[in-house]
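Here are my notes for you, as numbered points. Please keep the model open while you read them.

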Amino acid sequence: MELKKSPDGGWGWVIVFVSFLTQFLCYGSPLAVGVLYIEWLDAFGEGKGKTAWVGSLASGVGLIASPICSLCVSSFGARPVTIFSGFVVAGGLMLSSFAPNIYFLFFSYGILVGLGCGLLYTATVTITCQYFDSRRGLALGLISTGSSVGLFVYAALQRMLIELYGLDGCLLIVGALALNILACGSLMRPLQPSDGPLVENGALGNIPDRYSIYNEKEKNPEENTNILEKSSSCREKGKSPLVLGGCQQDSLLHGAPSTMTRTKEPETYRKKVAEQTYLCKQLAKRKWQLYKNYCGETVVLFKNRVFSALFIAILLFDIGGFPPSLLMEDVARSSKVEEEESFMPLISIIGIMTAVGKLLLGILADFKWINTLYLYVVTLIIMGLALCAIPFAKSYITLAILSGILGFLTGNWSIFPYVTTETVGIEKLTHAYGILMFFAGLGNSLGPPIVGWFYDWTETYDHAFYFSGLCVLLGGLILLLAALPPWDPCKRPLPKPAPATFLYRVASNV
């Protein structure tokens, strides 16, 4: 089924608006989970490492399950998946308000909310790409800022709701707000298939009863058996089973006895079984060949030195770069920063600067004289240095400045598809991006618990952020070394081919 040409406007702008709202509503609470993290520490009395699993699962499960999310959207469509996922996210948030222990939150907030967010992200990106072609970059940039704006708003909103209604009331209200995703999903009208010849329903009613296999009249078992026997005998003669009446008339005219059908029935059955077995074998061979091709393409990707370095860099980046958005509020409390000094939550600063970083870095990536791979490496190195500077920040102002820098550099997510395309080419982008997103989700899931465990062991965040900064720095340096021309086989100059000599002979005018 072919869809109509992308309109690049019209109802597409409604799709952009509702997709922006969807990402705003679903990602607002999981990205601003640092505000809830402090309350869960006080409520359940668990260690920082174990409690950090809640927020890390909410961010990592959706990325790890991205292949499943893509399969669901391609099978059922963006609108049903969005409506279903709205129930999942809202239900997970509301269930979290009744959590008796931290393990219940692993399921309700970590898995349910995280999986719902992954489904919603895939659905919004897919339907936006269907509605836009020439303006696809602008449309995707607009909807991607929804999560960053949600982080900015929900950080202050959740803190205010906790002060007014407590932790449980906050989660109930945030879950109720997530139900607005259902209204957004109802507006995601799918593109209609292109115009083509359709079978009229009325044509089916013009078929006489004697030519229909599924007659509405009730038949006894003997009549049904006779119909099946006649159908199989017609297939032996190469005729369609839809014309049983004509087949019956031919058998009567030629005087073919019914015993011949019964004698041919075992042979026909064996032939059908053989055909079905052959088809199953061919299908299994085809699936196995597809699996072998996928594994072969994966091996080829990892033979690319820059891609292997990119996979290590994205894993280390998420292990070290994601924890600040989850733990920065607790870092401020551990540094004895008074709440009266903070005119804005640190997580809100990270959120708004992430949106700015996505836009500005995306604009820089469009300049032809800027190498996006080196630009991405620069963001990793600066972020690593900023993470190592967090232990020296002892006031709200310094923590706010570092939060702004980290938020801006986290906006390098907007140029990561460009980097992947430059590394593997547009033909292998989908395959390579899926692999990289899996490892990004793995890093998101592991980063905050590791930092929390460092605090549990040392009773300070200093060593934890030294570790985070070194992880991001190491990933950036590995990617830089792999991308340098002497090491990158894609950038080595190819030997010039020998000039070919051609002989021409002028045809004579005879």
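1. Asp-42 is exposed, with a relative accessible area of 53% (exposed is over 50%, buried under 20%, partly exposed in between, with a 1.4 Å probe and protein chains only). Asp-42 forms a salt bridge with Arg-333, their closest N and O atoms lying 3.4 Å apart; a salt bridge here is a side-chain nitrogen of Lys or Arg within 4 Å of a carboxyl oxygen of Asp or Glu. The two residues are 291 apart in the chain, Asp-42 in helix H2 (residues 33-44) and Arg-333 in helix H14 (residues 323-334). Helices are DSSP runs of H or I with at least four residues, numbered from the N terminus.

2. A word on the basis: this is a predicted model, in which local features need pLDDT of at least 70 and side-chain atom pairs count only at pLDDT 80 or more, while totals for chains, interfaces and linings use all residues. Residues are numbered from 1 along each chain as its sequence is written, and side-chain values use heavy atoms, leaving out hydrogens and water.

3. What else does Arg-333 meet in a salt bridge? Its side chain also pairs with that of Asp-330, at 3.3 Å from N to O. Arg-333 and Asp-330 are separated by about one helical turn, because they are 3 residues apart in helix H14. Arg-333 is partly exposed at 37% relative accessibility, whereas Asp-330 is buried at 1%.

4. Asp-330 also forms a salt bridge with Lys-48 (2.8 Å, N to O). Lys-48 is in helix H3 (residues 48-64), 282 residues away from Asp-330, and both partners are buried. Through shared partners, Asp-42, Lys-48, Asp-330 and Arg-333 are joined into one network. The model has 5 salt bridges by this rule.

5. Do have a look at helix H18 (residues 416-424), where Phe-416, Val-419, Thr-420, Thr-423 and Val-424 are buried. Down the H18 axis these buried residues fall within an arc of 105°, so they line one face of the helix; the arc is taken from the directions from the helix axis to the C-beta atoms. Gly-425, with a positive phi near 95°, follows H18.

6. Finally, confidence: the mean pLDDT of the protein chain is 78, and 78% of its residues reach 70 or more (pLDDT is the predictor's confidence in each residue, from 0 to 100). Residues 196-232 have pLDDT below 50, with 19 contacts in the model beyond near neighbours in sequence; contact means heavy atoms within 4.5 Å.
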